[in-house]
Amino acid sequence: MQQSTEIELKDIKNLVAVVKSKYNFDFGDYSVSSFKRRLERILELNSIQNSEELLGQIISSKTFFDKFLKDITVNTTEMFRDPSLWRKLKTEVLPILAQNQKIRIWHAACSSGEEVYSMAILLKEEGLLERTTLYASDINEDVLSVAQKGIYPLRNMEVNESNYARFEGKGSLKDYYSVKEDKAIFDPSLRVNVNFKIHDLVQGAAFSKFDLILCRNVLIYFNFSLQDRVIRLFQESLFMNGFLGVGSKETIAWCKSADKFSTFCPDERIYRKEKE
């Protein structure tokens, strides 16, 4: 078995500089500890001996870099993850948004899309799906492609169905997908109003205005400086009185834009924009 190889800080800085120069992806403000763990995991998975060999493969092979990008940015997710948040969205947030003629929602860093389909199901059950436009964005083209297809391993449905039951949905999650061999195929009608978009939170700009933005379990991978920039991006992307939901282990309290928001649901980390 290959012995785990530890990557030093100077190796990380060198890799970040080369990736930015060659591919224009900037990992400079990612959390060092999180980024280091992922790099060491990539060495292990690919039987790469050290950071010099990893950097050589990144430089020489765009195909390898695409795989590297997928591995370094991928986030595991579930449908209706943290069911209490979804209950709050249903009982506290959506009744306010339902007063709008049109509703606009952005799932930032949506990964493979389970959260997007969760939202579509929630909106459908509340009679709001037809007048809602959803944007689902991620930096990773491969996981965004999975989201666009809405096809997931059947083995994942057990935890998804458990989350949906705890969320207290109006039916069964099985009502929204069909089974073919070992795959769960979600109803295409759920994504009729979904726009899938490649977007880099690190270097991306505001591209529209929204009533609700969800970006959950992503900020923990960024350092404070990048967290601050991303929250500013969300603040600029929200309509006045719009809502922002982040992960249960995340907060915007330390960000410069925090004074633009009030805390709407403290336990679920849902905030509301009150100032431009």
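The protein has 9 helices and 10 strands, assigned as DSSP runs (helices H or I, at least four residues; strands E, at least two) numbered from the N terminus. Its radius of gyration is 20 Å, close to the 19 Å from the globule rule for 276 residues, so the protein is as compact as a globular protein of that length. The radius is taken over C-alpha atoms, and the rule is 2.2 Å times the number of residues to the power 0.38.

This is a predicted model: local features need pLDDT of at least 70, side-chain atom pairs count only at pLDDT 80 or more, and totals for chains, interfaces and linings use all residues. Residues are numbered from 1 along each chain as its sequence is written, and side-chain values use heavy atoms, without hydrogens and water.

| Property of the protein | Value |
|---|---|
| C-alpha span along principal axes | about 55 × 50 × 30 Å |
| Buried residues (under 20% relative accessible area, 1.4 Å probe, protein chains only) | 49% of 276 residues |
| Contacts (heavy atoms within 4.5 Å) with a separation of 6 or more that join residues 24 or more positions apart | 77% |

Now helix α1. It covers residues 9-23, and its 15 residues should span 21 Å at 1.5 Å a residue; the end C-alpha atoms are 21 Å apart, which agrees. The expected span is 1.5 Å times one less than the number of residues. Which residues of α1 are buried? They are Asp11, Ile12, Leu15, Val16, Val18, Val19 and Tyr23. These buried residues pack against α2 (32-45), α3 (51-60) and α4 (62-73). Asn24 follows α1 and has a positive phi, near 60°.

Conventions
Buried < 20%, exposed > 50% of the residue type's maximum accessible area, 1.4 Å probe, protein only.
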